[in-house]
Amino acid sequence: MQPILSVIITNFNKGDYIAECFENLPLKNHLVEIIAIDDCSTDFSKEYLMNLRQSSASSNLHVILNSNNMGVSACRNLGLEISTGRYVTFIDADDYISFNNLEDTLKKIGNNEEYSLIIGNIQSFNKSKKWFSISMKNIFNDQYEGSKTINENPELHLTPSVCNKIFLKKVIDQNNLKFDTTQHIGEDLLFVQTFYQYTNAVFVTPKIFLNYRVLEESKSLSRKYNLTFFEQLMILEEKISELYLPNPENAFFVEKRQINYISTLFYKILSNTDKRDFLKFATLIKKIPETFLNFSALIKNKDLEIPSLFKILELVSIEETESILQELSKYGEERIIIKDGMILSSISNVVPKLVEYLQINNLSKFSKIEKIKIFDGKLILKGYFGLEKVSSEFIKNRYIVIKSKHKSKKKIYLEEDYRTDLSFLYSNNKINYNFYGFKEVNFPLNDFLVYGNNTFSLEVELINGKIVTFPLEILTSELKNNIRPCDYNDSIYVPKFENGFEIDRVENTFLNKIDVKLKITRNISGHLLKMIRNKDYKTLLALMLIFAQKLVRREKKIWIIAERKDSAQDNSFHLFKYIRLNHPDVPVYYLIEKQAKDYGKVKDYGNVITFDSLKHTLALLNSKISINSYLETANMYSDSYKKISKIFPKLTIRKKVFLQHGVIGFSRLNHVLHKNRAEYDLFITSSKQEMTHIIEEYGYSESEVIDLGLVRWDELHDQSQFTEKKQILLMPTWRHWIHNEEDFVKSDFWAYYRKLMDSEHLAKVLESNNAELIFFPHYLMKEYINAIQEDVLFDKKYIKIAEKGSEVKEYLEKCTLLITDYSSVSYDVNYLNKPVLFCPFDYDRFFSEHYNKGPRKPGEEFGISLIDEIEIISAIQKMLQNNDYAKNNPKSEKENREIAKQTFERISQL
């Protein structure tokens, strides 16, 4: 009996995920044929398939083991050759299909071959969440199930994958359709577009067919946006164009998708292209007009944001295109400038003859209201607002504009607030957005709002006099719930968010009060019903207990302290320990996971709360003060607390203290620690320079920042004289672009430090000076310890790796010398008056891709900075022989200042 469906699975080194893929397949259903093709895997996934074949009594499972790596397209073609099902679908072994949905849909269609193609939904997922992409929402937003035609439903071009589709095998066989084995990018899209030439009627269903795993560590070619990638894209476009040559107009929507895709990736490809290859890149770009059949219509389409360069490709030479690429590469993107009163693309500087084609008519904003509340009859707002690609030097004024239904209009001037974090976040410091922040504005509602509807917008006036207006939007539920309807004097103010931010002002009558209370009740009830549906009884219980306590007006007294949820080694722990030993009457509690290695250490002092427990949520909601040495929002909140804070943000009001776990000097961290984001009431710094920096750029007032030092320094003591051998501590920091072991082993980062440790010269220096070098991996690197040990050739007599789980404090105390790149533990070693050697070998990349460049460079305050291996080893020798070498900084002024005591006293004043 012919199977109804053939499922073709391709596998290459998907051992971590392949079991989940097969767990969702019917291995004993004779109506489903399963063809698994292993493409010469080197991990255990090949063995998994062999065992599955041996253990399966079913004849519907076929396992093919390639002797050579063929690539995914060749594997799928092989599967098509041997498949016998009426329909066929495809899947990669790291994803899985919702088979019941496929089965239900095929039953619904039955033997009706009117539909040669069935399209289902795709749900993306990772370790923490599930979601639907925007393209999937555009296709299935109306939840329609039934027939669609390709020519009349252009949204069907938005789903290029073959894995959310079921193909009628007869159409594939009759037209000899195959995957293009020469195409390494977009092979799915090309196959689907080819299939579209032989069908028009499609059955669509919003049911999930494919569960697509999004791997953060993915290193496939589709993530390497370089010139090779672009070449493949252009080859793909040529093949798609060839398909549609008989009817070019039918290619419009797939070309619209592809030109949008290329436009989105253009600047990534540019940044990954060597300047020496710009001529080659320019030559490829110049082919775009002739490759896209509907190019003229596409560049005029208002739905698309196409680089200005593409719009003038038919008017510039290859040499001029190369010059434009040179100009764009300086800033990493196209900028918008004002010249001679005109708003222009920055490439007009290269081709001034084409100014008329390079005028910008549509400007886009980036903005965020970070804080909003109504207090004492006033509306209070803080945030930022600017124009994309437009430097703040071209802005004259900015306003919040309030319009009423009577056409009355009131403006509130926005005063500049210095925000270096905006230039970093939105342009990687290539465009000056430093003055797009605005200082707190507050105004009386009675004076500015009329009775009826009042609409809020953002207005910017450019230096050429042009006015641009955008709706003011409040995006997060937490902010929306922070300004619920309220009454003041003779009026009730009702915020609305459906069409931008609006406030209705109504008379303060009994009926209006009832109406407002009903709206609030419905809003809260919706959230509570969602918790009940999700069986989130822990959050519901926490809410009930908190409101019961509010009824008896219980005063908040608790102090909550934490670090990361699995640690107790830093400033938070040392402050907790000090308080428990010296002020046992203070109700201070420490948050930590019960399974954490440091749990027992904290438990010795009592008052420990298990992370993510009911007690955790209640303690936070009842706390007077919360203290952390890491970012509070990322490290201190239980799941229930997060949900409650979005619905009832006023329950979370308390004083927040930031102790830090490092020193802000080499990096700027105001993109996460700015007052508008972190909301700290007290920010502890380690030096006067750091305190000044925080006040100038992080939005805190002088009363909110204090220079006390790091609490852990109280218990930091030099132990270097008590070690059998002199210890050199090598402690580099992490790189965000390293996602997995393969990335790590192949990285420039590891190559640099491995070369240093493998040096025979270094081994001889260590031997002659009775010293050893200890490599202390960053905590995010510790999972690669085995790879480190296997990948090095160093003499383990003199060069060692710190034991897994060991505390850094011990090594800082015992070391004679610290070697690092950018780690702030250098300040701890300097505090102990010991030398520091910095090796910032990838300074430019680190401070563009990992962190924002700080006010100081490594080696400016203390220590020395070297990159060359020979110079580093020479400096090590001098430091071992002369302990005062490279100490260009006196011992810290904070020595013996009882930092924990002073910190406790300052927090007690909150």
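## Terms and basis

Contact means heavy atoms within 4.5 Å. Helices (H or I, at least four residues) and strands (E, at least two) are DSSP runs, numbered from the N terminus.

The model is predicted, with local features requiring pLDDT of at least 70 and side-chain atom pairs pLDDT 80 or more, while totals for chains, interfaces and linings use all residues. Residues are numbered from 1 along each chain as its sequence is written, and side-chain values use heavy atoms, without hydrogens and water.

## The parallel sheet

An open sheet of six strands has the order S34-S33-S32-S35-S36-S38, with parallel pairing (at least two DSSP bridges between two strands). Its edge strands are S34 (799-801) and S38 (864-865). S32 (residues 726-730) is joined to S33 (residues 771-775) by five bridges, and Lys-726 stands opposite Ala-771.

Helix H35 (residues 869-881) lies across S32, S33, S35 (815-820), S36 (836-838) and S38, at about 175° to S36. Such angles run from 0 to 180 degrees between N-to-C directions, with axes fitted to C-alpha atoms, for helices over the stretch in contact.

## The nonpolar cores

A nonpolar core is a set of buried Ala, Val, Leu, Ile, Met, Phe, Trp, Tyr and Cys residues joined through side-chain atoms within 4.5 Å; buried means under 20% relative accessible area, exposed over 50%, partly exposed in between (1.4 Å probe, protein chains only). In the largest core, of 58 residues, Ile-9, Phe-22, Phe-90 and Phe-167 touch the most other members. Strand S10 (residues 201-213) gives the most to this core, six residues.
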